[in-house]
Amino acid sequence: MFPNLLQRGLSATRTTAQQPLRRHLFQRHYRYKTQPPWHDRRFWYCAGAATTTGLVYYEYHIEESPTGRRRFNNVSPEYARQIGEQAYLETLAQYRNQIIPPNSPISRNVSRVATRLISATDQKDWVVHVIYAPDEKNAFVLPGGKIFVFSGLLSVTEDDNGLATVLSHEIAHQLANHSAEKLSQANLLGVLYFIAAFFVDPNFLQFGRAMSTLLLELPNSRQCEQEADQLGLYLMAKACYDPEQAVALWQRMKAAELSSPPQFLNTHPSTDSRIENIRKLIPQANMKREAANCPTPDLARAFFDSVF
């Protein structure tokens, strides 16, 4: 009896003594299996190689815009055209019952001004559509040279110079390849979000997405708009329109605005900022107009009205 009790006591003592050791080994094994990846040296080797590759790729796709601004662009012209063609078909389908026929006086007038502007560029394949929307004061361009003008804008442009200000701005977006730039930025941010998803709490990731929109995407959009204002002003001057009338157009646009968010929350510069920047560019635009051997505004208007 006593030997059996002693044997069971010794066995219980060994089991009790082994429990802390097993628990310790299990905890070490569990920590090894669940520790963050950056505790492993191999993670940093891979992260360093990926970062170096990414920086080389980014620098390789840096280019200068027509105004000398450095930007990232990894979208080929062919891909941008494909995106533009798809968006063009979708836009035609969306406004199929509102597109004004090309032989109507309104469409012919818009096409006449656009043709004169396009003749001052090295691109020829453009399409212009006017959408009947009396309350919509807007215009936009799609990759591939597809311009859409809402009829409500014509009450603000008033004359050829005002219309040329708007159309040259939209043409400048295409000439500066701003659509590809924005697609490239979206690609870059998408990769960064994907990488961050592995290391950052999803709630914080949503905050980071909002901050990147505020600090990167919106300022870039305003840069593109300012660049289009500059290039468009020079383009309308080369086409023998009066660049000083661009200020009058934006003053009318300001009067037509009901309200607008603060500039830092908007994709476009504020109208006051826009007018101020255009005023600074007018002397250079007038020099380009003189270099194009343009006649006085009145003679130019009479000449081009008879040609286009």
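Reader: In which loop does Ser65 lie?

Author: This is a predicted model in which local features need pLDDT of at least 70 and side-chain atom pairs count only at pLDDT 80 or more, while totals for chains, interfaces and linings use all residues. Residues are numbered from 1 along each chain as its sequence is written, and side-chain values use heavy atoms, with hydrogens and water left out. Helices (H or I, at least four residues) and strands (E, at least two) are DSSP runs numbered from the N terminus. Ser65 lies in the loop between strand S1 (62-64) and strand S2 (70-72).

Reader: Is Ser65 buried or exposed?

Author: Buried means under 20% relative accessible area, exposed over 50%, and partly exposed in between (1.4 Å probe, protein chains only). Ser65 has 5% relative accessibility, so the residue counts as buried.

Reader: Which residue joins its side chain to that of Ser65 in a polar contact of 2.4 Å?

Author: Contact means heavy atoms within 4.5 Å, and Ser65 touches Arg71 and Glu227 when residues up to four places away in sequence are not counted. A polar contact is a pair of N or O atoms within 3.5 Å; within protein, one must be able to donate a hydrogen and the other to accept it, and residues adjacent in sequence count only if both atoms are side-chain atoms. The side chain that makes the 2.4 Å polar contact with that of Ser65 belongs to Glu227.

Reader: Why does Glu225 count as buried?

Author: Glu225 lies in helix H8 (residues 202-238). Its side chain makes a polar contact of 2.9 Å with the side chain of His169. Glu225 counts as buried because its relative accessibility is 5%.

Reader: Which element gives the largest share of the lining of the second largest cavity?

Author: On a 1 Å grid over the protein atoms alone, a cavity is a set of points where a 1.4 Å probe fits but cannot get out, and a pocket is an open set with protein on both sides within 12 Å along at least five of seven lines; lining residues have an atom within 4 Å of a point. Residues lining the second largest cavity include His169, Asp229 and Trp250. Helix H6 (160-175), H8 and helix H9 (245-256) each supply at least two residues of this lining. The largest share, four residues, comes from H8.

Reader: How much space lies in the second largest cavity?

Author: Grid points are joined across faces, edges and corners, and a volume is the space filled by probe spheres set on the points. A search of the whole structure finds two cavities of 30 Å³ or more. In the second largest cavity lies about 50 Å³.

Reader: Which element supplies the largest share of the lining of the second largest pocket?

Author: This pocket holds about 390 Å³ of space. Helix H2 (41-60) and helix H7 (178-196) are the elements that give two or more residues to its lining. Of the 17 lining residues, those nearest the centre are Ala50, Gly54, Val191, Leu192 and Ile195. The largest share, nine residues, comes from H2.

Reader: How many residues of S5 are buried?

Author: In a regular strand the side chains alternate between the two faces of the sheet. Lys146, Phe148 and Phe150 on one side of S5 and Ile147 and Val149 on the other are all buried, so that both faces are covered. The count of buried residues in S5 is five of five.

Reader: Which residue stands opposite Phe148 in S5?

Author: Two strands pair if DSSP finds at least two bridges between them. Strand S4 (residues 139-142) pairs with strand S5 (residues 146-150) in the antiparallel sense over four bridges. Val141 has Ile147 as its bridge partner in S5, and opposite Phe148 stands Phe140.

Reader: Which residue takes a positive phi in the hairpin of S4 and S5?

Author: This hairpin has three residues between the strands. The residue with a positive phi near 100 degrees is Gly144.

Reader: How many bridges join strand S3 to S5?

Author: Strand S3 (residues 127-131) and S5 run parallel. Ile131 stands opposite Phe150 in S5. The number of bridges joining S3 to S5 is five.
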